[in-house]
Amino acid sequence: MGLWHVFYEDWQMECCGTPFSVGDEVSWPLLLLDADTVLGGGWHDQLTEVAGPVEDMGGVRMVQEETGLPVALGADPDAEEDRRPEPGGRTRSAGLLSVERHGARWPEAGGLVRAVQVLTQTWAETAPGSRSYEPVAGERRLRPADRCPKWFRETETERAADGRGRRSRESGVVVTLEVPGTDSRLSHAVREARGIPAADLMALLGNLSTPRRRARSAAAGWPTAPGPLARGGPDEGR
């Protein structure tokens, strides 16, 4: 049982994606990106490490991850040379797993959506009045949700003290994906933190992956307070 953090960028979903909910089975082509190149970097809690032999599959450089996760290696489009490991060798690489639905095709990773968090990123003008925006490194937040939206929202522009316009925009979702037959550092960390066997952890995750449905009071027509067993759901305690 492998748990993996996966970033699904807003434009990927709005262009070609299909919205999904916690508890859905999905299948995605995964690309490992240099985390410093994504929205200004700072992805300390969402990084993934993969290790295994490197293969070329129709022009796509793939890592046959040693626990079974199929992952393509992303190249830096601004780099003067391709620094990815050559096919035939081995690699141990850390980065941000992302869904990539454009360009070449490669084997997809199928699994169960265990959690969804909508990511809101702060953007600022490159210069006052430029109307050209760039992500502000480290200024983002996550909020839990039961479902990934198809369309993402942004706030009205505000003027910062330095004269640059600033806005916050929902820039995608971070998904916790469980992929059968794999394992990950995230899975290991959860097992260690919980101090429970893997089978019990899977049962726990199954419970957490069920979106909490509030009962409605027949008399008042308003949601009732969650019971004791509902307080550990994915939209609680964040």
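## Salt bridges

A salt bridge is counted here when a side-chain nitrogen of Lys or Arg lies within 4 Å of a carboxyl oxygen of Asp or Glu. The structure is a predicted model, in which local features need pLDDT of at least 70 and side-chain atom pairs count only at pLDDT 80 or more, while totals for chains, interfaces and linings use all residues. Residues are numbered from 1 along each chain as its sequence is written, and side-chain values use heavy atoms, with hydrogens and water left out.

Searching the whole structure gives 11 salt bridges. One of them joins the side chains of R185 and E49, with 3.3 Å from N to O; this pair links distant parts of the chain, since R185 is in helix α2 (residues 185-194) and E49 is in strand β4, 136 residues apart. E49 and R185 also belong, together with R92, to a network of salt bridges. Another salt bridge brings together the side chains of R90 and E66, at 3.5 Å from N to O. Because R90 lies in strand β7 (residues 90-99) and E66 in the loop between β5 (60-64) and β6 (70-73), this pair ties together parts that are 24 residues apart in sequence. A further one is formed by E154 and R167, whose closest N and O atoms are 2.7 Å apart.

## Overall fold

The protein has 3 helices and 11 strands, where helices (H or I, at least four residues) and strands (E, at least two) are DSSP runs numbered from the N terminus. Along the sequence, the elements follow the pattern β-α-β-β-β-β-β-β-β-β-β-β-α-α. If a contact is taken to mean heavy atoms within 4.5 Å, then residues 24 or more positions apart account for 73% of the contacts with a separation of 6 or more.

## Buried and exposed residues

A residue is called buried under 20% relative accessible area, exposed over 50% and partly exposed in between, using a 1.4 Å probe and protein chains only. By this rule, 40% of the 238 residues count as buried.

Q46 is placed in the loop between β3 (30-33) and β4 (48-57), and, leaving aside residues up to four places away in sequence, Q46 touches H5, G95, L96, L142 and V174.

## Aromatic rings

Rings of Phe, Tyr and Trp (its six-membered ring) pair if their centres lie within 6.5 Å, and planes under 30 degrees apart count as stacked, over 60 as edge-to-face and the rest as tilted. The whole structure contains 4 aromatic pairs. Among them, F7 and W43 form a tilted pair, with 5.2 Å from centre to centre and 45° between the planes. F7 is in strand β1 (residues 2-9) and W43 in the loop between β3 and β4, 36 residues apart; F7 is buried at 1% relative accessible area, and W43 is buried at 2%.

The ring centres of Y8 and W28 are 5.4 Å apart and their planes stand at 90°, so this pair is edge-to-face. Y8 is in strand β1 and W28 in strand β2 (residues 25-28), and both residues are buried. Y8 and W28 form one aromatic cluster with F20.
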